[in-house]
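Subject: Structure for your review

Dear colleague,

Please find below the structure I promised to hand over to you. My notes on what was found in it follow directly after.

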Amino acid sequence: MPLTPYHLALNYIIYLILVRFKIIKKGDYTPLWMMFASNLIDLDHLLRMFSGSSMIKQEYGLDGLLLHGWWVVLPISILSMIKKWRWFGFGWALHIILDGFMVLFGLNSFLFPIN
Ligand SMILES: [Zn+2]
């Protein structure tokens, strides 16, 4: 199960912190929407769901998720250098870090137990 609600909550918290420290101008919502949009990479989970791989793998790992793989360091680096797209890249990186922590600490299964 994708953790999209948690991603959105984290994006919003990070956004508020960045506004508080004046890294993002107050009233500028573009970075927030870009971060929200970056969570569309979770369509990955759906793609895998329909690819016929086992349920356990879907719940507990990021393996086989195209947009969650190590190679995304490259597009994220490129995006972070393009002013217009850097918040999308930032959101993408944040997304993978949160997914990684969830898998690392087994919280993926804690939040969405399968019976
Ligand atoms: Zn994800």
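A crossing of two helices is called right-handed if the near helix is turned clockwise from the far one by less than a right angle, and left-handed if anticlockwise. With that convention, H2 passes H6 in a right-handed crossing. Please note that the model is a predicted one.

Overall architecture

The protein contains seven helices and zero strands, and its pattern along the sequence reads α-α-α-α-α-α-α. Of its 115 residues, 20% count as buried. Among contacts between residues at least 6 apart in sequence, 64% join residues at least 24 apart.

The contact of H2 with H6

The axes of H2 and H6 cross at roughly 45° and come within 7 Å. Because of this angle, H2 is oblique to H6. On the H2 side the contact involves Thr30, Pro31, Met34, Met35, Ala37 and Ser38, which meet Trp87, Phe88, Phe90, Gly91, Trp92, Leu94 and His95 in H6. By class, these are nine nonpolar, four polar and no charged residues.

The buried face of H2

Which residues of H2 are buried? In this helix, which spans residues 30-38, they are Pro31, Leu32, Met34, Met35 and Ser38. Viewed down the axis of H2, the buried residues fall within an arc of 165°, and therefore they line one face of the helix. The partners against which the buried residues of H2 pack are H1 and H6.

The contact of H1 with H2

H1 and H2 have axes 10 Å apart and pack at an angle of about 155°. An angle over 145° counts as roughly antiparallel, and so H1 is roughly antiparallel to H2. Their crossing is right-handed. Leu8, Asn11 and Tyr15 in H1 meet Pro31, Leu32, Met35 and Phe36 in H2. The residues of this contact divide into six nonpolar, one polar and no charged.

The contact of H1 with H6

H1 covers residues 4-20 and H6 covers residues 86-104; their axes come within 10 Å and cross at roughly 125°. That angle makes H1 oblique to H6. The crossing of H1 and H6 is right-handed. Here Tyr6, His7, Leu10, Asn11 and Ile14 in H1 meet Gly91, Leu94, His95 and Leu98 in H6. Five of the residues in this contact are nonpolar, four are polar and none is charged.

Two individual residues

Leu3 is placed in the segment before H1. Is Leu3 buried or exposed? Leu3 counts as buried because 21 other C-beta atoms lie within 10 Å, the cut-off for burial being 20 or more. Leu3 and His95 are 92 residues apart in sequence, yet their C-alpha atoms are 9.4 Å apart in space. His95 also belongs to the H6 side of the contact with H1 and to that of the contact with H2.

Lys22 lies in the loop between H1 and H2. Most residues other than glycine have a negative phi. Lys22, although not a glycine, has a positive phi of about 60°. With 8 C-beta neighbours inside 10 Å, Lys22 counts as exposed.

Yours sincerely

Technical notes:
Residues numbered from 1 in each chain as written. Predicted model: local features only at pLDDT ≥ 70, side-chain atom pairs only at ≥ 80, totals over all residues. Axes fitted to C-alpha atoms, helices over the stretch in contact; angles between N-to-C directions. Helix = DSSP H or I, 4+ residues; strand = E, 2+ residues; numbered from the N terminus. Parallel < 35°, antiparallel > 145°, perpendicular 65-115°, else oblique. Contact = placed C-beta atoms within 7 Å. Nonpolar A, V, L, I, M, F, W, Y, C, P; charged D, E, K, R; others polar. Buried ≥ 20, exposed ≤ 12 C-beta atoms within 10 Å, placed from the backbone. Arc of directions from axis to C-beta.
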